[in-house]
Amino acid sequence: MMSSSLQHPLKFAERMSHIGSVGSFDFAARARTIEAAGHDVVHFEIGEPDFPTPENIVDVAVKAMRDGATSYTASAGTAEARRAAAKYVSPRAGFDIEPESVVFVPGSKNVLYFTLLALTEPGDEVIIPDPGYPTYRALVEFLGCRAVPLALRAENDYQPDPAELASLITDKTSLVVLNVPANPTGGALHRETAEGLATVLAERQLPVYADEINCRIMFESPHVSLLEMPGMRDLAIVSDGLSKAWSMCGWRLGFGVMPPALAERIGKIMVQTSACTATFTLAAAVEAFSSPASDRAVETMVGEFRRRRDVIVQRLNAIEGITCHAPAGAFYVFPDITATGWREKELANALLDQAHVAVLPGTGFGEQGTGHIRLSFATSEAKIVEGVDRIERFLVENKR
Ligand SMILES: Cc1ncc(COP(=O)(O)O)c(C=O)c1O
């Protein structure tokens, strides 16, 4: 008799109970089931730009494959790609980054995973933003560390408070994770906040992981990187990638900029795990970082995201019981739905099942997400209007 998937002789490691699943992937799967039953679903759950990868980047990758870039390459990336990434990030840092500081990995999530592997011991504490990208907590706990939430609040424009950060640091703290601009709030760092955070971190000589994957998607003010703050050159690990700025999520290409001693160790992890990223994608990265056509594609996408942000924020705020803070960057909104009388999970489930609108409950991003839902506006303006109309109708017809 075939054994069911629940009956097996495998004894899983304790850490497997901490890995969790990804809420957006779960909701997307449920949404696909509803679509397969013949319903039209509006997708606000997916954190992936809905634009094609710019053609010039695709052309370079195809040519690279045809020209033979199909074998293994150096574990941290080709010298050309590391040089191009260093040059690309240098203006953000305000100093010349050395190519030896750059490591390419298959998706920027791995910059965090490998950094945690390199810098933490089980039992260590890692400070993470709350609300924050759920992968932070998942990976921290997967490696046996304790995730310590640093609260971000709308009334404070989602600024991490340096004094609050200082109060959370103990002798077990081995890393602080920040995300600018942030998923799920769209909050970005004010310069004074960045200076305050850098002062605390430099004083404690505490490394900081700055996830800047969305830093090209800023709507008004320019991105402020921790890397340019005094004392951060030897402590900041900046992670970035191709997924968002150039709409290349499926290419699985991320990179980190970090002190060379850490880059060398992460290079070692890469060689023993992935060997290297796909070689032809590194040629595409050089094109993304350095060509004017790629810059124009980013500008066009950001312009479109800005228009959609204005529409979604205005329409959500017009719904009774919903308050939506305008994001400074990225492509998410995180409205407060407390005054509707609905709890976030209940509402997300009901919206999907009854109104066929996929949103995510805020609690998937941490305790501070209580009373919130997350919507990604990586969908057309027409879909945004349709989806928000459905949410409004649902709330009018289902008053609490
Ligand atoms: C804040 C944040 N960091 C990292 C990632 C993952 O990026 P990558 O595709 O480079 O692994 C995401 C994806 O949604 C994200 O929102």
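Modeller: The largest cavity has a volume of about 100 Å³. Please keep in mind that this is a predicted model, in which local features need pLDDT of at least 70 and side-chain atom pairs count only at pLDDT 80 or more, whereas totals for chains, interfaces and linings use all residues. Residues are numbered from 1 along each chain as its sequence is written, and side-chain values use heavy atoms, with hydrogens and water left out.

Biologist: What makes this space a cavity, and which residues line the largest cavity?

Modeller: On a 1 Å grid over the protein atoms alone, a cavity is a set of points where a 1.4 Å probe fits but cannot get out, while a pocket is an open set with protein on both sides within 12 Å along at least five of seven lines. Lining residues have an atom within 4 Å of a point, and for the largest cavity they include P129, L152, Y158 and N179.

Biologist: What classes of residue are in the lining of the largest cavity?

Modeller: That lining has 9 nonpolar, 3 polar and no charged residues, whereas the second largest pocket, with about 320 Å³ of space, has 8 nonpolar, 2 polar and 4 charged residues in its lining. Here Ala, Val, Leu, Ile, Met, Phe, Trp, Tyr, Cys and Pro count as nonpolar, Asp, Glu, Lys and Arg as charged, and the others, Gly among them, as polar.

Biologist: Which residues lie nearest the centre of the second largest pocket?

Modeller: Of its 14 lining residues, Y88, R92, C215, R216 and H223 lie nearest the centre.

Biologist: Why is T379 called buried?

Modeller: Buried means under 20% relative accessible area, exposed over 50% and partly exposed in between, with a 1.4 Å probe and protein chains only; T379 has a relative accessible area of 11%, and is therefore buried.

Biologist: With which residues is T379 in contact, leaving aside its neighbours within four places in sequence?

Modeller: Contact means heavy atoms within 4.5 Å, and T379 is in contact with H43, F44, D50, R308 and I384. F44 is also among the residues that touch the most other members of the largest nonpolar core, which has 101 residues.

Methods: Core = buried A, V, L, I, M, F, W, Y, C linked by side-chain atoms within 4.5 Å. Points joined across faces, edges and corners; volume = space filled by probe spheres on them.
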